[in-house]
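Visitor: I have a structure to look through today. Could you walk me through it, one question at a time?

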Protein chains: 6
Amino acid sequence: MTLDNLIAKALQEDLGTGDLTTAYLDLPKKDTVAHLVAKQDGVICGLEVAYKTFMQVDPSVRWIAYKKDGDLVKKGENIAKIEGYSSSMLQAERVALNFLQRMSGIATLTWQHVQLIKPYKAKLLDTRKTTPLLRILEKYAVRTGGGYNHRFGLYDMIMIKENHIRAAGSITEAVNRIKKHNTSYKIEVEVTNLTELKEAVDNKVDRVMLDNMNLDQIKEAVDIFGGLIEMEVSGNVKLHTIEAIAATGVDFISSGSLTHSYNSLDISLLFKE
Amino acid sequence: MTLDNLIAKALQEDLGTGDLTTAYLDLPKKDTVAHLVAKQDGVICGLEVAYKTFMQVDPSVRWIAYKKDGDLVKKGENIAKIEGYSSSMLQAERVALNFLQRMSGIATLTWQHVQLIKPYKAKLLDTRKTTPLLRILEKYAVRTGGGYNHRFGLYDMIMIKENHIRAAGSITEAVNRIKKHNTSYKIEVEVTNLTELKEAVDNKVDRVMLDNMNLDQIKEAVDIFGGLIEMEVSGNVKLHTIEAIAATGVDFISSGSLTHSYNSLDISLLFKE
Amino acid sequence: MTLDNLIAKALQEDLGTGDLTTAYLDLPKKDTVAHLVAKQDGVICGLEVAYKTFMQVDPSVRWIAYKKDGDLVKKGENIAKIEGYSSSMLQAERVALNFLQRMSGIATLTWQHVQLIKPYKAKLLDTRKTTPLLRILEKYAVRTGGGYNHRFGLYDMIMIKENHIRAAGSITEAVNRIKKHNTSYKIEVEVTNLTELKEAVDNKVDRVMLDNMNLDQIKEAVDIFGGLIEMEVSGNVKLHTIEAIAATGVDFISSGSLTHSYNSLDISLLFKE
Amino acid sequence: MTLDNLIAKALQEDLGTGDLTTAYLDLPKKDTVAHLVAKQDGVICGLEVAYKTFMQVDPSVRWIAYKKDGDLVKKGENIAKIEGYSSSMLQAERVALNFLQRMSGIATLTWQHVQLIKPYKAKLLDTRKTTPLLRILEKYAVRTGGGYNHRFGLYDMIMIKENHIRAAGSITEAVNRIKKHNTSYKIEVEVTNLTELKEAVDNKVDRVMLDNMNLDQIKEAVDIFGGLIEMEVSGNVKLHTIEAIAATGVDFISSGSLTHSYNSLDISLLFKE
Amino acid sequence: MTLDNLIAKALQEDLGTGDLTTAYLDLPKKDTVAHLVAKQDGVICGLEVAYKTFMQVDPSVRWIAYKKDGDLVKKGENIAKIEGYSSSMLQAERVALNFLQRMSGIATLTWQHVQLIKPYKAKLLDTRKTTPLLRILEKYAVRTGGGYNHRFGLYDMIMIKENHIRAAGSITEAVNRIKKHNTSYKIEVEVTNLTELKEAVDNKVDRVMLDNMNLDQIKEAVDIFGGLIEMEVSGNVKLHTIEAIAATGVDFISSGSLTHSYNSLDISLLFKE
Amino acid sequence: MTLDNLIAKALQEDLGTGDLTTAYLDLPKKDTVAHLVAKQDGVICGLEVAYKTFMQVDPSVRWIAYKKDGDLVKKGENIAKIEGYSSSMLQAERVALNFLQRMSGIATLTWQHVQLIKPYKAKLLDTRKTTPLLRILEKYAVRTGGGYNHRFGLYDMIMIKENHIRAAGSITEAVNRIKKHNTSYKIEVEVTNLTELKEAVDNKVDRVMLDNMNLDQIKEAVDIFGGLIEMEVSGNVKLHTIEAIAATGVDFISSGSLTHSYNSLDISLLFKE
């Protein structure tokens, strides 16, 4: 689904057979001025989506952005000025904010994690634990907050998990089978201990995911195999745990909660009196 | 978009041009058994969506539910047993969980709020602050958690907000205009003080939304107009504030955070060894 | 389906793999002038749909409207002037007229009914007996003709019919169950006699539909319960019966034939020589 | 749009976010028996569409047809028996009837015309004046009533109208241009007098449409050119005029009102007590 | 599917979740100039499709065509000049060329066949052996190369094949049945010998298709029935056989390989340094 | 677009408003037996697509496959047996063959190339020069013929072409920028001489594409950098050139003509008498 389609369907969801209140009020086609205002500190993300939502409802609406995606905003700051018929603005408002607040919430949470690992080489990755149909937007929000994208889906990278290994018999067997077909994609293997990690290294895959290892185990893995293979840590990544994980020297830390358990950033559309 | 379409698009988002890992592993069509397991206490919601996700990937998968939507689950409890080809299950897993964890997260958060206001007459309502394209599922999750649905969109109820009032000139004028056209829908008016509230009551609308009033103001509103009109409180509804609001005697409390700032419930698909 | 989609699909239905006649004639891109002309008296409705149909075929077509939706037109009057390539106009003509003639037919029939009940307080309502996929347009045509819209579908109002009552056991039981869930929608109950009507009134629903009652029964119902509840009459509403029904003093009269058995208004596109 | 898609969209139009009444009544999954009953004499048409509508709502519904498309039904006769959950039946009922009543209305009106011209060789044709998006169904209904289909759209036959002739310069020039490209489609030319008719015959087209000719003119045309070319009469075809037109000996009579100004056939779904 | 939809889906197929290379390069929005250049002699076809592909990616791209569809191009000749952001051009390039090269390939192959039969009256026809979803474009390319279109699908002409004849019992029976329903479409009958051909002629169908006849048989058929019925030859039509077939005097020669076994014309987008 | 959608749209393209011939013949619902027969030697590919096409037209059709994708077939061999109503089979036949013949044509051409390079380590890759909307099927056909898939689109691998290099300033700068963002995808760089190749190697990218190099240059590149980086040769890959290219020792040879200039494999559906 393209972005334009996504917005169209979101508007259809909210408008259905039409905005009764505005229609029945016989509102005159009169201009209003309104501001998108941050009600909380955070990282703004999703301005193009919000803009396109207003445009779809009414292409005559004017939009002046004071911020751009990735900017830090303070509570009370104006993000954009919007002018147009009040009926158009009331019809686009909720959908635009539903996108903007969620994307800014993800960007903000990502940014908070990233601040904590700046001194270390570890990069923060997202996961596939995204909201159905919004993955592109949510992964964009992660990048906006300073994170990096892990694979977008099952189709653009090879990830050999425990279950695949069990089905194939061993890491070596699984990797060999994959390599018989694969010419274009990176291969990552999930490992749970140093033996498996060594097997992955020996098989020359691109990356390992250290699953459910504690800090000591991770540290040991980095000490032995650091530099020989990309290492990703996954599991129990929180604002209060991430720095210690990064301090082990791993290359990547991936976190599902960036996209599955964030708070929307509080943003309002305030009409000028 | 129908539920079947929604699931199909979510699967397409994740599978794209195909699951590389499974395809390149030449996995035999062999059966596996797996369990959906709660990793946290909560209210389960979305089992039909999860089930249909597996069915779309492979109609030969078998599904035995141990729980039904609305059931409380304890950490470690099995929610459902699923049997089928491991390749099918690995392809459906993430999408099914992405739905199930979000819906259960909303149901759980709703349930937590509802527990706190059980002694009072107030009903907990959701809002239109839902995830674009998932509104039906999220509003269903609110009902599953014991909440009630406010309007589904701009098309099924009339809500006269501050801006509408300003555009029309007064509450009375706005209501009169609406009533000239409306024969089928309830009318709610947003009020910010007792004078406006009285004007709404005089105009015989169905409900008022008390906006940004503190507890004393709400209490006074209830004392004077209680029983004459439905009263809904909105704004700053949190787990630590909701009981005091309910105690004022209002009829409805609406909360956007139920759907815009919840945590996904932690649920895993565990393959049996 | 949005209006733009609806028009696109209608054009696709007529144009298919292309307008053979125009294509094979190698028509020069030359301008023509044509007029939409009423061949019958009536109420015009659907001008925006017709306009958008021409625009979809060729955005360079010019359109000057002499009438607006809801205007009465006399046989022979011009409704709009259209200028553009003759090939574009020949391709849009039939689809534009298919919409415009149907919508004007409904608006005209509605207007004829409304004229007859003007002295009374009764409002004329439409029903769900609309053409599949055209409900929004047909309900708009009813409003254009001076009628009012009943519910748009099963999703925006609660209507307890005989069958629901039977399944629940009684009107009282049905209403009680509904009220346990419902916070946003009006409730209407279908009643067939005064006993049921009284039960509905006692249960404080919003409206009753008097089904299959004759004029005397309706009159008696109004005499006893008038003002206590909204009353809607349904069934056998025709141009020769509606005035007598309105004279009973009911609040609403609903008629399916407005949208299921109207004649298209005769309108032509006449090319200027 | 396939038939399945059409029905799905029609159901979505009516069900929207869900059937509130049924959902809020917590109706038990209990079977009901209902009959489709004719409330008027007529020709039944659209049973497959109605059947598929019920199936889409609930594949467990049972359907026993007593009639088939094209059968004459008498007021009071049962058309089909339907068994299933009452909730399923209440959700499919209106959409199924909206299709069935319209299609039967067209079939009935067509049948009435056809009865009047049985003694003559003339065949009754439909036109492109059909309801947007329902053309296939409406043209099927015309066939069901004993009529024949004219072209389905601009893409499957060549029809040179007055405007095309004017743009090309003459009938001869228009036909010559068309024949340079056309190898697959029949060519029909609209003519308004005997001179034009002769020109069409000389150019060996497949059919002429006699436009706005009175009965005498049509008779003269048939006398002179009958058998040399197919002749179609169009315009002012009504139940009280069609026999006289057929009596002139023309090959085809085409009527737009079959599909743009019919009455729905009155059919009800009656639940058994 | 409309052309705009087709292009949109083709772009989506190639762009998926986004052009990684361009995005990660942080390319400045700077203009480039590029030329579409023929790398082979041929007939150009599909310029509008290519143009619209660039426009969908970025409406600010400028396009100056040096050639029009149907023009012969020499190796090395410029076909069009395109200016715009290099990122936009790199994203549209492959899809635009995928359309343009295929359509030009078909037009070129068609043109080569047509050159060989110019002295004869036979017209070259395409078939339904087209690429799924691209039939309109491919049939347009055949016309562009000087060929003619056979039917577009099963819906716009009647073709009685051997199997239909066998099912009906005889050519005469099959034609009679068809004529009972058909008023709008041409009828073609597949025949394998002179007896069948005579039966088709006697039944006054519009065309016969001589199936699997050798040159002598075709010649005999033309000698006996030429002028009485349109004759189409099908099967084994190649560049080295077509002239001999045309020389028999048949009216039509149809060839599937025009659309199922052509080579794409080599065309490149060359960026100006 | 899913495979089911693709087939549905292909059928719609061919069937449009319905198969006239079959409908007008009033064919009885009688069973036929037919065989898919190879009329040429080749590699069969696309059996599932063909099967699903028949199933979509009529789920009661029976299908027995004698071959599976990738099997070599000889001229005259049966590929599958199909039984069902002749009307169903005649409606599915053309679309099923249009898919099957194209996919088998690609698989066959790929297989022919692959035979020639078997003694060498080079793997044959496809490109993005595929038919719009059929890329998944065509890339599957390449794999079926023994080839390997290059990237599926712009979204799953990073390919730095000449133009990107020029825009960024140098290979080094381009790679550096990419690496700042990229964590998941392989990076390939297009190089035209040894200096550029060395720069690519120094920047530790995953693969280089040797563009427009002659055999001597390729050989020299392999001698110097072989084993240090994956090397892909592109351009002028034909059946008579591929062996010499492979003999240089490169890792990959990519060929656009596999998917843009193949011949359909001749396959027929023969009905049993």
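Visitor: Is His164(D) buried or exposed?
Guide: Keep in mind that this is a predicted model. His164(D) sits in helix 6 of chain D, residues 162–168. Buried means under 20% relative accessible area. His164(D) has 5% relative accessibility, so the residue counts as buried.

Visitor: Which residues of chain C does His164(D) touch?
Guide: Happy to list them, leaving aside residues up to four places away in sequence. Within chain D, His164(D) touches Met159(D). Across in chain C, the residues touched are Thr21(C), Thr22(C), Leu25(C) and Leu90(C).

Visitor: How many residues of strand 8 of chain D are buried?
Guide: Strand 8 of chain D covers residues 187–191. Ile187(D), Val189(D) and Val191(D) point one way, while Glu188(D) and Glu190(D) point the other way, and all are buried. The strand is mostly covered, and the buried count is five of five.

Visitor: Which residue is the bridge partner of Val191(D) in strand 9 of chain D?
Guide: Let's go through the pairings of strand 8. Strand 7 of chain D, residues 158–160, pairs with strand 8 in the parallel sense over three bridges, and there Ile160(D) stands opposite Val189(D). Strand 8 also pairs with strand 9, residues 207–211, in the parallel sense, over four bridges. In strand 9, the partner of Val191(D) is Leu210(D).

Visitor: How far apart are the closest C-alpha atoms of chain A and chain D?
Guide: Contact means heavy atoms within 4.5 Å. By that criterion, no contact joins chain A and chain D. Chain B and chain E do not touch either, with their nearest C-alpha atoms 8 Å apart. For chain A and chain D, the closest C-alpha atoms lie at a separation of 8 Å.

Visitor: And how far apart are the mean positions of the positive and negative charges of chain A?
Guide: Chain A has 273 residues, 60% of them buried, and its secondary structure comes to 11 helices and 12 strands. Its C-alpha trace spans about 75 × 40 × 25 Å along the principal axes. Chain A carries 34 positive and 35 negative charges, and the distance between their mean positions is 2 Å.

How values were computed: Residues numbered from 1 in each chain as written. Chains lettered and ligands numbered in written order. Predicted model: local features only at pLDDT ≥ 70, side-chain atom pairs only at ≥ 80, totals over all residues. Heavy atoms only, no water. Helix = DSSP H or I, 4+ residues; strand = E, 2+ residues; numbered from the N terminus. Buried < 20%, exposed > 50% of the residue type's maximum accessible area, 1.4 Å probe, protein only. Lys, Arg positive; Asp, Glu negative; His and termini not counted. Charge placed at Lys NZ, Arg CZ, Asp CG, Glu CD. Pairing = 2+ DSSP bridges.
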